Each structure stands twice: as C-alpha cells, then as structure tokens.
Amino acid sequence: MSEIEIQVKTLREYIKFIASTRGYTLNALVEKLNKVYNRKPSVPNFTAKLRRGSLTVRELLEIGEILNYEFIKINIVEKV
C-alpha cells in the first residue's frame with residue numbers, strides 16, 4: 001500500500017470516527033450536509049469519494065463545520 005493510499009484510508013477512518021463521536025452515522029452526516037449546503041449527493045457517492053480520497057477541500061471544510069471540527073493542513077517534507 002502506498003503512502004497516499006494509507007493517508008486516504010486514514011482520513012476516511014478519521015472522518016468516520018469523528019462523525020461517530022459527534023453522534024452521526026455517515027447517512028446522517030450526508031443528510032445534514034445536503035440540508036445545510038443545499039446539495040444532493042447520495043450516501044454511496046459520498047462514501048465512494050471517501051474511499052477514493054477525492055473529497056474537495058470545500059467538502060472537507062463543510063464536513064468540519066457540521067462536525068464542529070477543524071482540519072488543519074500539515075506540510076509534509078521529504079527527508080533527504
């Protein structure tokens with residue numbers, strides 16, 4: 001498994017974990033995102049984006065707003 005795949009899997013699991021600690025299932029999270037941001041993505045579409053790691057920054061920020069959580073950008077520098 002590549003480093004990118006590990007990061008994507010970690011982000012997916014992290015979002016699921018934070019959602020569960022805030023009392024949300026993925027279904028409930030998608031419903032809330034749809035209601036608050038007036039969108040219509042389906043649960044399978046959302047989970048596929050999580051699995052592929054293709055969430056946009058905007059979507060990640062919106063998830064953070066719903067979950068009352070701030071995702072902080074971390075710069076990763078390759079060791080030489």
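Close-up 1. At 37% relative accessibility, glutamate 13 lands in the partly exposed class. We are looking at a predicted model here, as in every view below. Lysine 16 is also partly exposed, at 36%. These two side chains make a salt bridge, and the closest N and O atoms sit 4.0 Å apart. Both residues belong to helix α1, with a spacing of three residues, or about one turn of the helix.

**Close-up 2. Lysine 49 meets glutamate 59.** Here the N to O distance of the salt bridge is 2.5 Å. The partners come from distant parts of the chain, with lysine 49 in helix α3 and glutamate 59 in helix α4, 10 residues apart. Are lysine 49 and glutamate 59 buried or exposed? Both are buried. Back on the subject of shared partners, one network of salt bridges takes in Arg12, Glu13 and Lys16. The salt-bridge count for the model comes to five.

**Close-up 3. Glutamate 62 reaches arginine 39.** The closest N and O atoms of this salt bridge are 2.6 Å apart. Glutamate 62 sits in helix α4 and arginine 39 in the loop between α2 and α3, so the pair ties together parts that are 23 residues apart in sequence. Glutamate 62 has a relative accessible area of 7%, which means it counts as buried. Arginine 39, at 25%, counts as partly exposed. As a general point, side chains of opposite charge can pair when their charged atoms come close.

Close-up 4. Which residues touch the most other members of the largest nonpolar core? Out of 14 residues, they are Ile15, Leu29, Phe46 and Ile63. Helices α1 (3-21), α2 (26-37), α3 (43-52) and α4 each put in at least two residues. Zoom in on isoleucine 15 and, leaving aside neighbours within four places in sequence, you find contacts with Leu29, Leu50, Leu55, Leu60, Ile63, Leu67 and Phe71. In soluble globular proteins, nonpolar side chains tend to be buried together.

**Close-up 5. The buried residues of helix α4.** Helix α4 covers residues 57-67. Its buried residues are Glu59, Leu60, Glu62, Ile63, Gly64, Ile66 and Leu67.

**Close-up 6. Two asparagines with positive phi.** Most residues other than glycine have a negative phi. Asparagine 38 is not a glycine, yet has a positive phi of about 50 degrees. You'll find asparagine 38 in the loop between α2 and α3. With a relative accessible area of 66%, asparagine 38 is exposed. What about asparagine 68, and where does it sit? Asparagine 68 lies in the segment after α4, and takes a positive phi of about 55 degrees, again without being a glycine. At 65% relative accessibility, asparagine 68 counts as exposed.

Key
Residues are numbered from 1 along each chain as its sequence is written. This is a predicted model: local features need pLDDT of at least 70, side-chain atom pairs count only at pLDDT 80 or more; totals for chains, interfaces and linings use all residues. Side-chain values use heavy atoms; hydrogens and water are left out. Buried means under 20% relative accessible area, exposed over 50%, partly exposed in between (1.4 Å probe, protein chains only). Helices (H or I, at least four residues) and strands (E, at least two) are DSSP runs, numbered from the N terminus. A nonpolar core is a set of buried Ala, Val, Leu, Ile, Met, Phe, Trp, Tyr and Cys residues joined through side-chain atoms within 4.5 Å. Contact means heavy atoms within 4.5 Å.
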